[in-house]
Each structure stands twice: as structure tokens, then as C-alpha cells.
Amino acid sequence: MKNFDSVSIVGMSGEEITCGHIECTETTTLRLNNTIKLTGDYVYQVILKSKNQSSITLKIKDQEFELSSKIEWKRFVQKFSVEDNESSYIDLIFNSGEYWFYNAKLETGTIATAWTPAPEDFDQKLYSIQSNFEQRADSIELSVASKQDILPAKIRYIRDYLALATDNTESCWVECKVMTNNTNIVSGEQNVACLTSTILSSDIELKNIKNFVDEDLETSVITTDSDWHYIQIDLGEENAINTGYITIYHKEGKSYNHKLVVSLDGNNWYELFNSEKNGTYDETSDGKTYLINDGLVNKNLSFIKVNLDSITQKVQDAENNYASIVTDVDSIVQRVESVENTAQEIQDDTIPALTDSVNKKISEIKLNSDQISQQVTSIQDTVEKQAQEILDANGWRVSLANIGAYDDSYATEKVSMSLTHDGMTITRSASEGYRTQFTGDTIKIEYDNGRGTYENAMSIEKDLMYLTRLKVKNGVDHYTIKEIPMTYTFGNLKIGSLVFISSSGNS
């Protein structure tokens, strides 16, 4: 029996990885075709472990090297030389057993460097489109996703490609700024070189190339050649950056066929932008800014999962905005969520924190067998605004709430209303609030003075009214007794009200 697949497992450093997995009951050969293309020195490395202590043979033509595997992860590095390239493949020969391996890498030279994806896998690695269909005994999963991988730890080289504006007139580079620690580190740099993409059939010469980094928006570098060309900026080994941002300016009022790629070593390139995949944009005098940090992951996802007891559908974009529908035996939940990280405008010499303001909007509808509920939530900074409606067999309830910081304190402002077969209740609550109740034979207003319990302020039961306190401005008329706020003197007494008593129609 021979079985080769990929599995998720904990790697050498305790991280979650996806690795190759081989299980065989007889000697099995895994052939890596078209790997040896030139003569010279090579280094092969791989991280490997096995279920039991065993060995693997690395074979290159007539050279054989034994890799002893154990139950713990181990990194193997094997150097070898190739004097002719008649055989372009490498064989990995596994004895019977079960093996796991990852981060396999073949490179020219005699020094083993840290693992990176192969340059020829550039497009598939950086902007991969992945479709996945997985069927199990109790579920089916279908997903389509695209993502951009994490950037290298540092960036030394920057290449800005143009292939004419979309109106087919010219390619025009105006300015590039690379900001880190509030400094434009490419201003006046001497290590700017104009190179031509290797896919072109001829070289191209660009005049006044320093105009691209002279901090002058009135100067530029122009070509009318229709092929892809780029300006490369080498920051130098000591100036390689891991945080900051790159701003690229092209001629204002146009849109361009444009690519921007970065690299640490000049061999492995990572895309920050590609108009063929991301679409073009209209150039402005503000340029386009690309943030550089160690956590840049863009991912678009469409996902459907069917279980025995539920169906889940979800669509998500790169900014974690998503819409989802979850259906099970007794409920349907629809949810739409958008998240916006709002930073202050990036100035020429500063870059603000990226999460100065967080705006989040959520809409959700739940349909259960015994209840329908709707909720809309808006979150900005520390304040959450929420509206909720619930309908069930017992009645209808709606609430509006502000939750967050008010006047340097944390509080909840909430107004809610409910309708049941008994009547209607309206409640306003914060640190102090009121509750009003309407039933078939009662109207009641209650007051909460912040102690958490409601006290009766006024109530009407049938034909009788109850008041805790009464304050009037222009007097009280009780039919038989009338009182008005009038000050007068009676003998030596000064009286603040005048009372009339009605008798047989006369006061």
C-alpha cells in the first residue's frame, strides 16, 4: 500500500503547518522532476520525521545519501555537486513506514539559506486562487479563496513596473517615497538603477532617472515604449526596512498598467499591487500608499458547508467584511458585518497608528421556530449603538441602546418598548430612568433613581390616581376645593396660598 497526501500538524517550532505525508508498506520512491537544470554545487534541505525510527535515501543520478529519520522533527541539509545535467530529477526513497515532511528546498551553491517559496511559484504563491471541495461522511465543504501571502521580514529592493497608461500614451514615473521612522530614506539616493524586465526582447534607456526620487512632483521619468518596464530602487543592506510605507506617484489624471513588487534578496519577489489582478485606479497628486508591516494578509473567501444538521454560507473580503447565512433544523441566521479601520491622513513626514478609529457595523436576522429577531449594531471607537427587535408568541419587543463612554464614565443608555397580551411597557434606563406601563385598567409611571429598583411615581387604576409627589405652578382645582398660589396677610400671619371651598355652587 502507498498513500501520499497533505495533512495539518504541529511543526518543529510548535506552529500549525500543512506538510507532506507518506504511508507505505513497501519501499516507495518519490521523484522530483525537472529540479536539476544546471551543473555545479547544490544544497538540499528538508524537515522530516517518521512514526518509527527509519531512513530515507536521497538519490541524485549515481549519488546516494542516507537521511536517518526519528519520531521527532529534524532538519536535514545535504550538499552535493552535479557535473552534468543528463538527469534532471531527484529521488527520495522511503522504506516502509509513515513519514511527515515540509519546507523542502533545493538551491544552488554551498550554503543552506532559510526556507522560502520557489521564485517560479511567484504568482501562485502570492495571489493564489484556491478552490476546495471536501466530502466526509457527515458533511460537505466547498470553498473558493484568494489571498496575498505575508511579506518578507525586511525589504531592500523595490521595483515599480509600468506598461503605458490605459489610454496608450506613455509610462510616467513621478515620485517614490519610502518612509520609515518619519524619514524618506530614498531621497537623493545614488543606488537607483534602471533595469529592463527579463521578459523583454530589448533593453530600454530612461533619462533623468533620479527624478523618481528627487521629492519634486514637477519632474518625472517618461517612456512611450508599450512593454513592461520598471525602475528598481536598492535601499542597501543596512537600510532594508520592515515597517513604514511606500508611496508611488505617477502622472495625475491617468490610470496605468502597474505592478509594484518588493524583495529582500533580489531573487524572491512579493507583489504589493498588480493592476491585472487588482484593477487600475485613477492617479492623484496624493499618490498611492502601500503599508509595510509583518502582518499583511489579504484574503477573499466564499464558503459553503453542509452538515447533517446545518447549512452555512459565507462570503468574506480582504478587510474581514462578510455576509453569512446559517440554516439548521430550528433556525435561520442571516448576518452582515463590515469593519473599517480608519487612520488619520498620512502626511509627508508622519504615519499614524492604523487603528486610531475602528468602525464596525453588524446586521443580523434570526428566524427560530419560536422567535424572529433582528439586530443592527454600529460600533465607533468605544461607543456601541444597537437596535434590536424580537417577535415571538408572547409579544413584540424593540430596544435602542447606546453603550460606551459618556462624560468620562461608562454607562448604558437604553430605550425599549414591548407589546404583550397584557399591554405595553416603555422603559428608559441609564444611571437613572423611567418605566411606563399601559394595561387594560392601569397606567403606571415608575422611577429608578439609580439604586436598581423602580418606585411608583404615578399610577391610574380605573378611576383613581396615585401620586408620590405633586408640584403645580398656577393652582389646583378639585371642584369642591380650589387652591391658588397667592400670598396675602391674615392678621399677623403671612399665607402663601389662597383656598376656596365650594358650597352649593358658590365659593
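## Exercises on a predicted model

F273 and Y281 are both buried, where buried means under 20% relative accessible area, exposed means over 50% and partly exposed lies in between (1.4 Å probe, protein chains only). This is a predicted model, where local features need pLDDT of at least 70, side-chain atom pairs count only at pLDDT 80 or more, and totals for chains, interfaces and linings use all residues. Residues are numbered from 1 along each chain as its sequence is written, and side-chain values use heavy atoms, with hydrogens and water left out.

**Exercise 1.** Find how the rings of F273 and Y281 are arranged.

*Solution.* Start with the rule: rings of Phe, Tyr and Trp (its six-membered ring) pair if their centres lie within 6.5 Å, and planes under 30 degrees apart count as stacked, over 60 as edge-to-face and the rest as tilted. Across the whole structure, a search finds twelve aromatic pairs. In F273 and Y281, the ring centres are 5.4 Å apart and the planes stand at 85°, so this pair is edge-to-face.

**Exercise 2.** Decide whether K61 and N208 are buried or exposed, or in between, and look at their phi angles.

*Solution.* First, locate them, taking strands as DSSP runs (E, at least two residues) and helices likewise (H or I, at least four), numbered from the N terminus. K61 sits in the loop between β5 (54-60) and β6 (63-69). N208 belongs to the loop between β15 (192-195) and β16 (221-223). Next, check accessibility: K61 has 36% and therefore counts as partly exposed, while N208, with a relative accessible area of 54%, is exposed. Finally, turn to the backbone. Most residues other than glycine have a negative phi. Yet phi of K61 is near 55°, a positive value, and phi of N208 is also near 55° and positive.

**Exercise 3.** How many disulfides does the structure hold?

*Solution.* Look for a pair of cysteine sulfur atoms within 2.5 Å, which is what defines a disulfide. The structure holds zero of them.

**Exercise 4.** Describe the chain as a whole.

*Solution.* Begin with secondary structure: the chain has two helices and 40 strands. Then turn to burial: 33% of its 507 residues count as buried. Last, consider contacts (heavy atoms within 4.5 Å). Among those between residues at least 6 apart in sequence, 53% join residues at least 24 apart.
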